[in-house]
Structures are given as C-alpha cells and as structure tokens.
Amino acid sequence: ELPETICQIQTLKSLFVRSNSIQALPANLNKLQNLESLEFESNHIVDIPSSVFKLPGLEALSVHGDQIKEIPSTIIGLEGLKYLELFTENLTSVPANIAKLPNLEFIKTYSSLWPILSDYIDESKVEVMLI
C-alpha cells in the first residue's frame, strides 16, 4: 500500500504510482494541495478515492491498466483538469458531467472507450485527442 504519510508532503507536485500491486490510494490525498499531476498505472486499484476530486490544482489525471470500472460524477470537482488519460479496459461508465470540466484540453484513451466518452465530451474545447 501507499503510506498515508505521503499525503504530508506539501510540496509534492507529481505523484506516479506504477507497477506496485497497490489496491487502494490513500483516502486523504486531498491534503496534497500542490499536486498538479496524478498517474497510477498497472496496480490493482479498483476505485479512485473521492479526495482526488477535491484537489484544486490537479491538471493531469492518468489511469493506466488498473481495475477502475467507472469515473465518479465527483470528477466535476477538478475544475483545473486539462489532461485526462484513461487506459483501463474495465471502464464501463463515465458521468455526463465530465463535459462540464471547463479546462479539459487533452484526452488520451483507447479507441474502444471513445464511444463511452464521446456522448459527454464537448469536442470543441478539446485541443488534442489521442485514440
């Protein structure tokens, strides 16, 4: 597991959690008020903690190969999110309010996930799309 003490590093701007077999992220990630980039890849994470969606400065969120099945509607709390990567084959649900993310400019995902996202994303705001 990722130690809770990591949430005490107030200067942390980027957190990459890769290939650690971690099953959950700390519940109090919202304490990382300066976090700009969060990426988790090839772990065993099932849910994104709600505290992630309370990070005021988060600009980049990347989910790779984890067990995430849905993106919660609380993603709307990431008003500064510019970069979204979703590479998880288990993803079956994306909330409609994802289209209301005011600064989203870059989406990177599997082509098989685009039908799930395309109903909700305002393509006129997206500058880069990699599928």
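A residue counts as buried when its relative accessible area is under 20%, and F106, at 17%, falls on that side of the cut-off. With that in hand, welcome to a short tour of this predicted model. The protein has 1 helix and 6 strands, arranged along the sequence as β-β-β-β-β-α-β. Its radius of gyration is 14 Å, close to the 14 Å that the globule rule gives for 131 residues, so the protein is as compact as a globular protein of that length.

**Overall picture**

- The C-alpha trace spans about 40 × 25 × 20 Å along its principal axes.
- Of the 131 residues, 44% count as buried.
- The protein exposes about 6700 Å², and carbon and sulfur atoms supply 47% of that area.
- Among contacts with a separation of 6 or more, 22% come from residues 24 or more positions apart.

- The average pLDDT of the protein is 86, and 94% of the residues score at least 70.
- Strand 1 has the highest confidence, at a mean of 94, while strand 6 (residues 128-130) has the lowest, at 65.
- Where pLDDT is low, the predicted coordinates should not be read in detail.

**Parallel strand pairing**

- Strand 1 (residues 14-18) pairs with strand 2 in the parallel sense, over 5 bridges. Here R18 has E41 of strand 2 as its bridge partner.
- Strand 2 also pairs with strand 3 (residues 60-64), again in the parallel sense and over 5 bridges. Two positions to look at are S37, which stands opposite A60 in strand 3, and L38, whose bridge partner in strand 3 is L61.
- Strand 3 in turn pairs with strand 4 in the parallel sense, over 5 bridges. In this pairing S62 stands opposite E85 of strand 4.

**The enclosed strands**

- In strand 2 (residues 37-41), 4 of the 5 residues are buried, so this strand is largely enclosed by the rest of the structure.

**A closer look at S62**

- S62 belongs to strand 3 and has a relative accessibility of 4%, so it counts as buried.
- Leaving aside residues up to four places away in sequence, S62 touches L38, E39, F40, Y83 and E85.
- Y83, another contact of S62, comes back below as a member of the aromatic pair.

**The aromatic pair**

- How many aromatic pairs does a search of the whole structure find? The search finds 1.
- The partners are Y83 and F106, with ring centres 4.4 Å apart and planes at 15°. Planes under 30 degrees apart count as stacked, so this pair is stacked.
- The pair links distant parts of the chain: Y83 is in strand 4 (residues 83-87) and F106 is in strand 5 (residues 106-109), 23 residues apart.
- Are the two partners buried or exposed? Y83 is partly exposed, with a relative accessible area of 25%, whereas F106 counts as buried at 17%.

**Two serines with positive phi**

- S19 has a phi near 50°, a positive value in a residue other than glycine. S19 is found in the loop between strand 1 and strand 2, and it counts as exposed, with a relative accessibility of 55%.
- S42 has a phi near 55°, also a positive value in a residue other than glycine. S42 is found in the loop between strand 2 and strand 3, and it is partly exposed, with a relative accessible area of 38%.

Methods: Residues numbered from 1 in each chain as written. Predicted model: local features only at pLDDT ≥ 70, side-chain atom pairs only at ≥ 80, totals over all residues. Heavy atoms only, no water. Phe/Tyr/Trp six-rings, centres within 6.5 Å; stacked < 30°, edge-to-face > 60°. Buried < 20%, exposed > 50% of the residue type's maximum accessible area, 1.4 Å probe, protein only. Pairing = 2+ DSSP bridges. Rg over C-alpha atoms; globule rule 2.2 N^0.38 Å. Contact = heavy atoms within 4.5 Å. Areas by Shrake-Rupley, 256 points an atom, 1.4 Å probe, with all protein chains shown as cover. pLDDT = per-residue confidence, 0-100.
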